[in-house]
Number of protein chains: 2
Amino acid sequence: MTTASSAPGVLGRARELVDPAIAEALAGLCGELNEPAVYHFQGRGKGTRPALAILSAEAVGAAPAVAVPGAVAIELIHDFSLIHDDIIDGDTERRHRTTVWAKFGTGVGVIAGDALHTLAFDVLLREPTPPRVKAAQHLARAVSAMIAGQSQDMAFGATDGVSLEQCLIMEQGKTGALLSYASSVGAMLAGADDATVEGLADYGAHVGVAFQAVDDLLGIWGDPERTGKPAGSDLRERKKSVPVVIALNSDTSAADELAELYARPELDEGEVHTARALVEAGGGREATRALAHNHHNLAVAAVDALVGNQEISEAVADELRSMAEFIVGRDF
Amino acid sequence: MTTASSAPGVLGRARELVDPAIAEALAGLCGELNEPAVYHFQGRGKGTRPALAILSAEAVGAAPAVAVPGAVAIELIHDFSLIHDDIIDGDTERRHRTTVWAKFGTGVGVIAGDALHTLAFDVLLREPTPPRVKAAQHLARAVSAMIAGQSQDMAFGATDGVSLEQCLIMEQGKTGALLSYASSVGAMLAGADDATVEGLADYGAHVGVAFQAVDDLLGIWGDPERTGKPAGSDLRERKKSVPVVIALNSDTSAADELAELYARPELDEGEVHTARALVEAGGGREATRALAHNHHNLAVAAVDALVGNQEISEAVADELRSMAEFIVGRDF
């Protein structure tokens, strides 16, 4: 996640609590699976999802430790999905390190991802208290939504006439479902009432859509130095991301020209440049920025509503707002 | 599963109950995932695992319908593992049909398997009654064991000095864990006491080891017409299956010659033939046959003990014995 904001304090707090629990969970894998899993985790990101899980327990006045099984499960699921996504996309690098499948082989990548997938449910169900069962039940739904979103994203390449609505449903699944779950699982494990859990889930879902919209902008206009991907990589791969779909559905000549470019088997440097200008001319950049701002605002509004109803404390609300800004970023 | 025995009646009974429930579960997948999943299920096997699940409910006097969520979950897990195994092994055919990854692409194979994996937990946790939660908890453990076994099997190729004990632990995981779960999940869902559930799980674990031992024999001496694989395919791939490991660990000159052959990058027709003779000379065939008989007998003994303690009825015990014979086969 690319951002200019400084890292909120909860990220460090969460790592201290969650990292040992992740290490313990991975230690339960047999040696053949432990090695690739540990290798992958050594390159893991900032731990945004576990941090949201911890915050959501603190938000309802619970000890942060209550959220740990949920934080571990969410991180295991996130990393299983990254390991498998790298196979699906044929990506050999992630965060400047060789990806699991590229280092250990496709077979090991498939099975190591599978192992983390099951381990997430195992971690939650080991002590099947009612809140943990609920957390496992909601995890199954969130992972189903994530997988559905990912499969739709894969299918969009070959699909003509993808609508903005379809594209947003895809992104809500692919990115929103897991962030929504992460933002509420701590409260769920603390036994909070449904309205609070749903409010927090709502916050996370909007953060997810805003983050994905910004990610889509970076995939077209992002600085390769900061994104770690080639400039305009989403265009090169002719991805039907939100800005592209908006431009393709615009009633402009840019839409037709862009559709014509997207129908080609490959785009050279100059065509990527042209495509970028066409997405902008078709209104894709501006509308996606507005969408990101809108969902960022909706995330903050969800937090405000929870504070207003005295469901969460103002101190934690502030941290949730900082996390939203940190995840979504400022300059897009 | 290759056998000469006629199919026990429970297979048909189980299909009637379980197939509509599987179809319903798959209908909940988005279109992009439903298509490859349905394609895979159209070529599915005899439904041994769902049948065992149904029998295990009937064994404790419950209505067979009680077992259905467990039967569906076990079949979804079995099929997710087949879809991923075909990617891992690069197999383009299964049951004389193109495999999912070969037909739809590796990416779709990975994600369709993932979707079935999650769906299994989702199906069980949709109504989180205590027996279903217990079934989900045990499913996570069984799937972890299956994945660990599969990853060990993958690693054995590059490992020198695999012991028979390691090999049996691998096979207990790879094949035994899921058959053990299938043989007890119906009783678990019916709320049977732990001793009965464990007795049935024990039966299934022994059936699993016996079945795998026979499968290992067929991988070396099986008739290609019946196995659907080339003669001696396990030797060609230099798999460290039970007969091979026994021969490699035998204190014979055959052991050294076999080790020398297994160290080669590739085996030609004549070398496969020689390897086959060496496994036999090293005692691998006879000892594996004895192992299969022994575990088949242990499976039957587990059933007898359950009948003796009046935990299950004689009528269902007979069906469990028939299923063991059907799964393990007679002529090996």
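**A helix and its surroundings**

The model is a predicted one, in which local features need pLDDT of at least 70, side-chain atom pairs count only at pLDDT 80 or more, and totals for chains, interfaces and linings use all residues. Residues are numbered from 1 along each chain as its sequence is written, while chains are lettered from A and ligands numbered from 1 in the order in which they are written.

Some terms come first. Helices (H or I, at least four residues) and strands (E, at least two) are DSSP runs, numbered from the N terminus. A residue is buried if 20 or more other C-beta atoms lie within 10 Å of its own, exposed if 12 or fewer, and partly exposed in between, with C-beta atoms placed from the backbone. Two residues are in contact if their C-beta atoms, placed in that way, lie within 7 Å.

H15(A) covers residues 284–308, which is 25 residues. From its first C-alpha to its last it reaches 35 Å, close to the 36 Å expected at 1.5 Å a residue. That expected span is 1.5 Å times one less than the number of residues. Its buried residues are Gly284(A), Arg285(A), Thr288(A), Leu291(A), Ala292(A), His295(A), His296(A), Ala299(A), Ala302(A), Val303(A) and Leu306(A). An α-helix has 3.6 residues a turn, so residues three or four places apart point the same way.

Just after H15(A), Gln310(A) has a positive phi of about 55 degrees. Most residues other than glycine have a negative phi. Arg238(A), also not a glycine, has a positive phi near 50 degrees. Arg238(A) sits in the loop between helix H11 (233–236) and H12 of chain A, and it counts as partly exposed because it has 18 C-beta neighbours inside 10 Å.

**The chain around it**

Chain A has 16 helices and two strands. Its radius of gyration is 20 Å, close to the 20 Å that the globule rule gives for 332 residues, so chain A is as compact as a globular protein of that length. The radius is taken over C-alpha atoms, and the rule is 2.2 Å times the number of residues to the power 0.38. Along its principal axes the C-alpha trace of chain A spans about 60 × 50 × 30 Å. Buried residues make up 55% of the 332 residues. Of the contacts in chain A between residues at least 6 apart in sequence, 74% join residues at least 24 apart.

**The second chain**

Chain B is superposed on chain A by a rotation of 180 degrees with 0.0 Å of shift along its axis (RMSD 0.0 Å). This is the relation of a two-fold axis. The same surface serves both copies, as 100% of the contact residues of chain B recur in chain A. The superposition is by least squares on the C-alpha atoms of residues with pLDDT of at least 70 in both copies.

The contact takes 33 residues from each of chain A and chain B. On the side of chain B that touches chain A, the largest share, 14 residues, comes from H7(B). H7(B) is mostly covered, with 21 of its 27 residues buried. Its end C-alpha atoms are 39 Å apart, which agrees with the 39 Å that its residues should span at 1.5 Å a residue.

Leu125(B) lies in helix H6 of chain B and is buried, with 26 other C-beta atoms within 10 Å. Not counting residues up to four places away in sequence, Leu125(B) touches Ala136(A), Gln137(A), Ala140(A), Arg132(B) and Ala136(B).

Leu139(A) and Leu139(B) touch the most other members of the largest nonpolar core, which has 226 residues. A nonpolar core is a set of buried Ala, Val, Leu, Ile, Met, Phe, Trp, Tyr and Cys residues joined through C-beta atoms within 7 Å. Leaving aside neighbours within four places in sequence, Leu139(B) is in contact with Ala73(B), Ala120(B), Phe121(B), Leu124(B) and Tyr181(B).
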